[in-house]
Each structure stands twice: as C-alpha cells, then as structure tokens.
Amino acid sequence: MVAIINYGAGNTQSVINCLDRIQCEYILTDQPESILSADKVILPGVGHAATAMQSLKDKGLIEIIKNYEKPLLGICLGMQLLFDFSEEGDTTCLGIIPGKIMKFKPLTNEKIPHMGWNQISKRTLDPLYKDVVDNENFYFVHSYYAEISKYTETICEYIQTFTATCRYENFYGMQFHPEKSGKVGENLIQKFINL
Amino acid sequence: MLTKRIIPCLDIKNGRTVKGTNFVDLRDAGDPVDLAKKYSDSGADELVFLDIAATQENRSTLIELVKRVGAEVNIPFSVGGGISDVSTAYNLLQNGADKISINSSAVRNPDLITDLSRQFGEQCVIVAIDAKFHKGKWMVYTHGGTKLTEFTLLKWAKETQERGAGEILFTSMDNDGTKNGFACEMLRTLNHEISIPIIASGGAGNMEHFLDLFGVSDVSAGLAASIFHYQEVEIKALKTYLSQNQIKVRL
C-alpha cells in the first residue's frame, strides 16, 4: 500500500490518476498511523514552499516524514521540501537531505518558470533508473532548483546544471513530474512502487 | 536542453470535440478523450481544451470531461473557456486539470490573475490574449475577438506577468484561420519583452510555419487546432521535421 500525503498539494489528483493507471493501491491520507503503516510514501507538491511546510506542520506530519524508514518519494515541491532550506519564502524545510533550494537566475532571456520537457542524464547506478536512457525527456515546471550535490542521481540543464532527481538513504526526490511525463514517467513511478 | 512544445487545441462544446471555422459551421468531431489520447500517443507535449460554449449549466459536463482526461492522459493539459472565478478554477484543478486559462475574464477583472496565482501557483495560470493589428498598434480584443479593449498587446502582456501569470497564450487574430503562418515578428518582440513562457497560436498551415515560428521568435510552444484535426500535419512528422532542422523537440 502506498500512502499519498494529503496536505493540499496542487498535483495530488494527478498522482492519484497515475497510480490508478498503473493499478497500484494507495491511500490518500494525512493521518500519521496510515502513513507509518504504508510500504511507500509519496509526498506530492505544487505550490509555495512556505505554505506547504506550514500545512505539514499544522497536520503534525513533520516528524512523521523525517522518521519514515521505508522508501519515500517527494515530487517537485515535495522533493524540495526534503532539503534543509528553500529561497522560496526563505523557508526552513524538512532537513532530511543536506542542501539548499535556490531560485533560478536567468542569464539572458531564459524563461521562468522552467516549464516543459527536458532531458535528464544519470550520475548514478541506482537501479531505480536502470531503464531510463540518458537524455530521456521528463516534464518540468518549477522556478526553484536543488543544487548539485553528492545526493544528486540525475541532472538536468536549464540556465545551469541542477538536480533532476536525488536520493538520501530511503528518501527519493524527483524535480520533474513523473505523473505527467507520459509512459516513461509512469514506468519510473512503477519502479519506485516496486522497490 | 528544454524542448519546444507542440500543443494541439481541442474545442469543446457540451462535452464533445467540435470542428469548425471561426466558431461557425461547427461539426461534431467525437469524444475529446479519444482524440486527446490519439494526440498524446502521437507525441503532443501538452493539450489545451477550450470550452467554446461555456455556460453555468454545462460546467458539470466540463468537470466530468476533465476527470476523464486526467484519468486517461498522462501528459499535462489546460482548460479554458468562461472561467471567471477562483472556485470554478479550483474545481477544475481539483479534478485533474494542470492549468487554467483565462482570457476575457482577466481583462474584465485583472485581480483574477493575482488571486489564481496566489492560490494555486503561477504554473497553473495561463492568460490567453487575443490581439490584432489595429490603427498601427497590436491591440487586445476580448469575447472571442469581438470587443476591442484599451490595452496594447505588450502593455497587457506585461501586466499579466506582473500579476503572476505563469504563461501567455497569444493568438494573433490577423493570422488565425489563414494558414499562412504565425505572427513571427510580433511573437519575437513579445518573447523578448516577457520573461514567462509564450505559447504561440494562430496561422499554422504547414510544418515550415512551425520552423519559422521557433527559428524567428524562439517562443516556448506552438499551438494549432485544425491542421491537427484534419490531419494536414501529423504531430510525429512535425516533430521529426523540426528536429532535423535543429529545433530541439521531444521525440
């Protein structure tokens, strides 16, 4: 059973739709005991970092997420929240993955948000990405990014090189939206579920 | 590198896809979900659904459609047509739409852009702008292009950006329906002046027009309806052609 954390994130329905398509059982919940008893957790995320952190705090979920020991996947803002800090609203985040979330600073006429399909390339042998070929396209929508660090598993280029996906122990993050990235995205979610 | 997006637009009336010219002579063109899946399978990067007969009564039909599209299509899609308040937008987003597009209602009430952006995030908010060259200036029109406003295209585009729009969908009324190509020069100026992504619409007649569009204006996305509906241009072939001509697309 997968628990999708229900805290008002904008892409919750898209994540649900994706799990329905791959016929995965899930529960949409903000209850600590349901989250802790799940085999996998997905932390969706579209919106503002400060609002999202406040919502997790109000629901008493911060320690629950930090202490979760099975695979947890943060998507988009959900990934960014796993880090220490975000420049978006100068927000203290969950502090699970060391590092900061920065705002894109355009060099010339690059558009913000970074919106659309972009390629990722691998920096790791993590089996999660075994079937992802280099330069595969995924759908991104974001104005903030995670710096490259030793936890970076795949990278993407826009304005600069940034973290497309990352992992720290049992915590996985994807900056793009696998739930909106066609078949390749669905396959990646499926692989996470199968971990 | 970020790829250029190709976006088919589906006109919707009472939950069905319709085809026609300039909102007249509409013919039923089948189930939008079937068409959406077909486009998605052939390589469309995103989909736009435009409810061309939006009324309060058929709003529930549109929500049902959004649910079905969200369930079956695994690429992003936006919904527009007659959305004039936050609660309608909320309902559509909550049921699976990724983005909302607003047009006349934004001109009438610019605070709507601010409200939607604050509430749902700028990535959800597309402001659609219809404009045409009028007395030496590019002027904004509303209500399906029937009402001239006081705004020049650039002034309004900048205001929507400042208010938190995440994208601008610009339709050149002078080009729309002509199949003679996009308004590339104006799009180049607009793209240069605006820091959010621009989706270009109006005038696509063949594959070369998309090459001109991206080559001249460098906008983020090109949108078309009839050439895809009538299979005059096949999305897969278009993307291969663009790629062969050094335009970065997702294949």
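Two strands are said to pair if DSSP finds at least two bridges between them, where strands (E, at least two residues) and helices (H or I, at least four residues) are DSSP runs, numbered from the N terminus. The model is predicted, so local features need pLDDT of at least 70 and side-chain atom pairs count only at pLDDT 80 or more, while totals for chains, interfaces and linings use all residues. Residues are numbered from 1 along each chain as its sequence is written, chains are lettered from A and ligands numbered from 1 in the order in which they are written, and side-chain values use heavy atoms, with hydrogens and water left out.

In chain A, strand S11 (residues 152-158) and strand S12 (residues 160-168) pair in the antiparallel sense over 6 bridges. S11(A) and S12(A) form a hairpin with 1 residue between them, and Ile159(A) in the turn has a positive phi of about 65°. Across this pairing, Glu157(A) stands opposite Thr161(A) in S12(A). S11(A) is also paired with strand S8 (residues 114-122) of chain A, in the antiparallel sense over 3 bridges; here Lys122(A) has Thr154(A) of S11(A) as its bridge partner. Of the 7 residues of S11(A), 6 are buried, so the strand is largely enclosed by the rest of the structure. Buried here means under 20% relative accessible area, exposed over 50%, and partly exposed in between (1.4 Å probe, protein chains only).

Strand S1 (residues 2-5) of chain A directs Val2(A) and Ile4(A) one way and Ala3(A) and Ile5(A) the other way, and all are buried. Parallel pairing over 4 bridges joins S1(A) to strand S2 (residues 26-29) of chain A, with Tyr26(A) in S2(A) as the bridge partner of Val2(A).

Chain A also contains an open sheet of 4 strands, in the order S6-S5-S7-S10, with mixed pairing. Strand S6 (91-92) and strand S10 (144-146) stand at its edges, each with a single partner strand, so one side of each is left without a neighbour in the sheet. S6(A) runs antiparallel to strand S5 (residues 83-86) of chain A, joined by 2 bridges, and Phe85(A) stands opposite Thr92(A) in S6(A).

Turning to chain B, the buried residues of helix H1 (residues 32-41) are Pro32(B), Val33(B), Leu35(B), Ala36(B), Tyr39(B) and Ser40(B). Seen down the axis of H1(B), these buried residues fall within an arc of 160°, so they line one face of the helix; the arc is that of the directions from the helix axis to the C-beta atoms. On the other side of H1(B), Asp34(B) and Asp41(B) are exposed. Just after H1(B), Gly43(B) takes a positive phi of about 110°.

Gly15(B) lies in the loop between strand S1 (5-13) and strand S2 (16-21) of chain B. Gly15(B) is buried, with a relative accessible area of 18%. Not counting residues up to four places away in sequence, Gly15(B) touches Pro32(B) and Thr61(B), contact meaning heavy atoms within 4.5 Å.

The largest nonpolar core has 76 residues, of which Leu47(B), Phe210(B), Phe228(B) and Leu242(B) touch the most other members. Such a core is a set of buried Ala, Val, Leu, Ile, Met, Phe, Trp, Tyr and Cys residues joined through side-chain atoms within 4.5 Å. Helix H2 (residues 59-72) of chain B gives the most to this core, with 5 residues.
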